[in-house]
Amino acid sequence: MQKISVLLFLAWVSFLFYAGIALFTSGFLLTRWELTNHSSCQEPPGPGALPWGGRGEPGACWMASRFSRLVLVVIDALRFDFAQPQRSPVSGEPPVSLPFLGKMGFLQRLLESQPHHARLYQAKADPPTTTMQRLKALTTGSLPTFVDAGSNFASSAIVEDNLIKQLSSTVDSDEWDVLITHFLGVDHCGHKHDPYHPEMAKKLTQMDKMIQGLVKRLKNDTLLVVTGDHGMTISGNHGGESELETSAALFLYSPRALFPSAPAEEPEIIPQISLVPTLALLLGLPIPFGNIGEVIAEVFSEIEDSQPRFSALAQASALHLNAQQVSRFLHTYSATAQDLQVQELHRLQKLFSKASADYQRLLQSPQGAEAVLQTVIPELQQFLRGVRAMCIESWARFSLVRMAGGAALLAATCFLCLLVSQWATSPAFYFGPLLKPTASGLSGAMVCAGLLASTGLKLDSMVLGAMAAVGSLLPFLWKAWASWGSKRPLASLLPMPGPVLLLLLIRFAGFFSDSYIITEARVAPFLLISLILLLVARLHWEGKLLPPKLLSIPRLGFLTPAGPPQYSAMHAVGLGVGLLLCIRLAGLFYRCHEETPVCSSSPLLSPLRSTVDGRTKNLWYGACVGALVALLASVRLWLHCYGNLKSPEPPVLFVRWGLPLMGLGTAAYWALASGADEAPPRLRALVSGASVMLPRAVAGLAASGLMLLLWRPVTVLVKATTGAPRTRTVLTPFSGPPTSQADLDYVVPQIYRHIQEEFRGRLERTKSQGLLTVAAYQLGSVYSAAVVMALTLLAFPLLLLHAERISLVFLLLFLQSFLLLHLLAAGIPITTPGPFTVPWHAVFAWALMATQTFYTTGHQPVFSAIQWHAAFVGVSESRDFTWLSAFLVGANTFASHILFAALPFSEAVGCPLLLLWPFLCENQGSQKRRQPPGNEAEARVRPEEEQEPRMEMRLRDAPHHFSAALLQLGLKYLFVLGIQILACVLAASILRRHLLVWKVFAPKFIFEAMGFIVSSVGLCLGIALVMRVDGAVSSWFRQLVLTQQKAGEQSSLVCTGAGLSARKAQPHLLPPCSQDLLASGTSLFYNSRS
């Protein structure tokens, strides 16, 4: 019951954090109100006469249609310079040669040969530059907000009024009116390669030929529109607001003259949403109700009329209809949402009223029309542009109440983690009250929901979740207030050492600086190095490296020296130096933040297929495969050192044979992916199919191994033999032959007892075949072995989602985490029978290591740095796997939160290793502690249990303290992660009007929030795995007892290890299940390699 309480309480604390994040998000990343109103031909956008030809009838709606048909070609990620005509080089300057320049030569020929029929614009897309948000803008004319970026995968239908809906309502013939095509090849090529890859040139040439074929088939009444939804960065990604990401091409063409004059030398820059009202009026459709775009005025000129006045009047008519529609939208929206700036709204309404009055006067009295036109057109354009600017600013307004509530809930939950982690260290800690506040919070939320539903008020899920969270927090906070006010000083609320607290405060304050966030990839390793140096110094100051008499004064808030030195100074210094070297080498894999243009990202992060030189590619491939082999060998060596590799259990057999197969599949996939472009044409289909099947095979093997591990998690070797053991061991507290009478008195009784037992056994063997002896090994590392194997199996699928050379980073971080765990274990004392604790510096170092891993695997907390190529790993391009692709991209982005380095130590799932590792290290020092020189007298009285290290079986000596230690570890880790997300929340709140809020602080908050969710889920899974192993160990002990009881007097169960007998071990030190075995004449051993 204790374990279930621990797991449920950690899950509930995670929910409290989720509620705080959700409440803050609902106030910070606001979505605008989506109105359900629709425009129609029967309802003009405003009072006054419609322009010439506008009769409110189908075919001639607000304005007479100029085209009967439309061909809309959307080329995903068609950046402006992809379609821009290539200029002739200036004399004396070298020609610019880029793979994508000049590949759309047909567009260039049209622009040069038919300047009145074709026009190229640079369309500026509004961030976020994700495909679904851009398509929504291209059909509605609205501004999708920042939070809508999450709907880039599996978006639902658009509910607002849009061009597609208007077109479908006016189609009344069997012939086609609109043809819409969406080509994804350019975007796919950018994600898979980059704009500078030869494949991009091939794809652009293919698009150019496609457009050429379309133009040949166009009729005079058809308008051709070729546009990109967004651009792409130099690495082929998009999602942010950089110049390259927001710059898209827009090409208009008609077989009949469309433009009154030749284009300017530099293409005009227009907002991308200007296409929506322009197409609507050209096709004789009503402009979508929520549009805030401005029509492209020059396409409404009267080409056949030679008088400029009529062309200007036609442009003014189109702008006036556009302005009427936008004014109607503002009036409706302001009455519904009331989040527009009131003063600016009144100013714009006055400007529109003046411009509309001037336009009506122009229609009524033609005298002085030219002067009025010169005033009306700029006024209407000023109104439309002012509305767009106001909406951009107003829709970034925040709900301060929800933001403050979310921040307060996060802070209270962090305080809860701190309090309960302190209470869990008390020997009198009781698990029962943990779930009572949880139940009260849920009950309160249900009551509130019932009251709101009965009164007919709107139910807000965010508010209900926050109410449940606050209701569960109040009892803890009240208890903390009472105990604090009566007994405990303020210092008890900050139990962590001074250096750790200082580093945590530095990291907390850093999130308020855009410079810190931009350069965090460099700062996080610096903080980790500082903490490592402090750890080595701490071991020295606490007397763990030198005799305690040399230093007896506490330093920097650490504890005073206690106990003899556990490790040599050279050992600890070697661990520290190794850690520093690994951190430095891992820093070579670095991706620059988009706000540091002078920085150059490491070429080691690029996939091998981008390497042109074949010899260099082969060398790097060999290095990557070598790193993969080193990882496999390291895991097997670790399991072999602790004896778990000899177990016949299915998970161990899978590690022996399944892991090499997974490594072989990974290496084969790398070979195919890096050389796919060089494959012969007849083999490309085979290579493509194998590139899809190999990742699936590796993932399937990993899933099979995990299922086997959950089924049989106890990796213990059990041997059964018939007859008495051939050899017997006589234990002595001294080395060499007996030298005194006391030594003889200690040895002779044992020899006599062994002779007597041997004689009795020979007599019994005359009556039966002999005793059945059962020997068990590897109990001392049974918990860690299961975690190690589980996380090894998780490592390979995640490794496939990264570039090949990231395997070198994984190897470095494997060594780094191994050294860090050993260094942390050197300073963690092993207390028997408890309580067991994990120091704060260990938890903080683990969290810093995770942050370093995030950056060294080529990630940055910006959308443009998302490695979209992971969406195509193991996914067939001929089928739609939207959710699978989204999952793969998320797994790639948050791999550091799921799996901490290629060593099977996860940042969250493997977090219990911080508790288990010191017990594993007990085995390394056991031989030295058996016979300390010059202290034979102490060795004689030392209990036999100290001779044989029981390692992780010590945790089973006190199940109450074991459960409390797991709870304490989980809460400490959630506290450190919660402090980080709280800092991001406060920084985004305080700096919400900062220039870089949407470019730096908002993406950082989103990445931290998602990382926290992944980490908390992984933490609960890791602790659940340890509990599953503990339950399996208990079942294993019970099975041994039942086996002996069934065998009766003809059997003997001996769980052996390390070559020594524990028959005389004190019963109260053994696990509860093993005491039954001891009472029945069974001996237990905990660590041996047989």
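**Close-up 1. Lysine 354 and its salt-bridge partner glutamate 379.** In this predicted model, lysine 354 is partly exposed, as its relative accessible area comes to 45%. Its side chain meets that of glutamate 379 in a salt bridge, with 2.5 Å from N to O. The pair links distant parts of the chain: lysine 354 sits in helix 11 (residues 342-364) and glutamate 379 in helix 12 (residues 369-394), 25 residues apart. Is glutamate 379 buried or exposed? It counts as buried, because its relative accessibility is 9% and the cut-off for buried is under 20%.

**Close-up 2. Lysine 1004 meets glutamate 520.** Here's another salt bridge, this time between the side chains of lysine 1004 and glutamate 520, at 2.7 Å from N to O. Which helices do the two residues lie in? Lysine 1004 lies in helix 34 (residues 997-1047) and glutamate 520 in helix 18 (residues 520-541), so this pair ties together parts that are 484 residues apart in sequence. Lysine 1004 counts as buried at 4% relative accessibility. Glutamate 520 is buried too, with a relative accessible area of 0%.

**Close-up 3. Arginine 79 and aspartate 81, a buried pair.** The side chains of arginine 79 and aspartate 81 come together in a salt bridge, 2.8 Å from N to O. Arginine 79 and aspartate 81 are both buried. How many salt bridges are there in the count? The count comes to 14. As a bit of background, side chains of opposite charge can pair when their charged atoms come close.

**Close-up 4. The disulfide of cysteine 41 and cysteine 61.** A disulfide joins cysteine 41 to cysteine 61, with 2.0 Å from S to S. Both cysteines lie in the loop between helix 1 (2-28) and strand 1 (69-75), 20 residues apart. With -125 degrees about the S-S bond, the link is left-handed. Cysteine 41 and cysteine 61 are both buried.

**Close-up 5. Cysteine 592 bonded to cysteine 599.** The structure holds two disulfides, and this view shows the one formed by cysteine 592 and cysteine 599, with sulfur atoms 1.9 Å apart. The link of cysteine 592 and cysteine 599 is left-handed, with -60 degrees about the S-S bond. Cysteine 592 counts as buried at 12% relative accessibility, whereas cysteine 599 is partly exposed at 28%. Counting bonded cysteines along the chain, the disulfides follow the pattern 1-2, 3-4.

**Close-up 6. A look at cysteine 624 and cysteine 641.** Cysteine 624 is buried, with a relative accessible area of 0%. Cysteine 641, on the other hand, is partly exposed, and its relative accessible area is 37%.

**Close-up 7. Helix 13 crossing helix 33.** The axes of helix 13 (residues 400-423) and helix 33 (residues 959-990) come within 8 Å and cross at roughly 155 degrees. How do the two helices run, roughly parallel or roughly antiparallel to each other? They are roughly antiparallel, because the cut-off for that label is an angle over 145 degrees. Helix 13 passes helix 33 in a left-handed crossing. The contact of helix 13 with helix 33 has 17 nonpolar residues, four polar ones and one charged one.

Conventions: Residues numbered from 1 in each chain as written. Predicted model: local features only at pLDDT ≥ 70, side-chain atom pairs only at ≥ 80, totals over all residues. Heavy atoms only, no water. Axes fitted to C-alpha atoms, helices over the stretch in contact; angles between N-to-C directions. Helix = DSSP H or I, 4+ residues; strand = E, 2+ residues; numbered from the N terminus. Parallel < 35°, antiparallel > 145°, perpendicular 65-115°, else oblique. Left-handed = near helix turned anticlockwise from the far one by under 90°. Nonpolar A, V, L, I, M, F, W, Y, C, P; charged D, E, K, R; others polar. Disulfide = S-S within 2.5 Å. Buried < 20%, exposed > 50% of the residue type's maximum accessible area, 1.4 Å probe, protein only. Salt bridge = Lys/Arg side-chain N within 4 Å of Asp/Glu carboxyl O.
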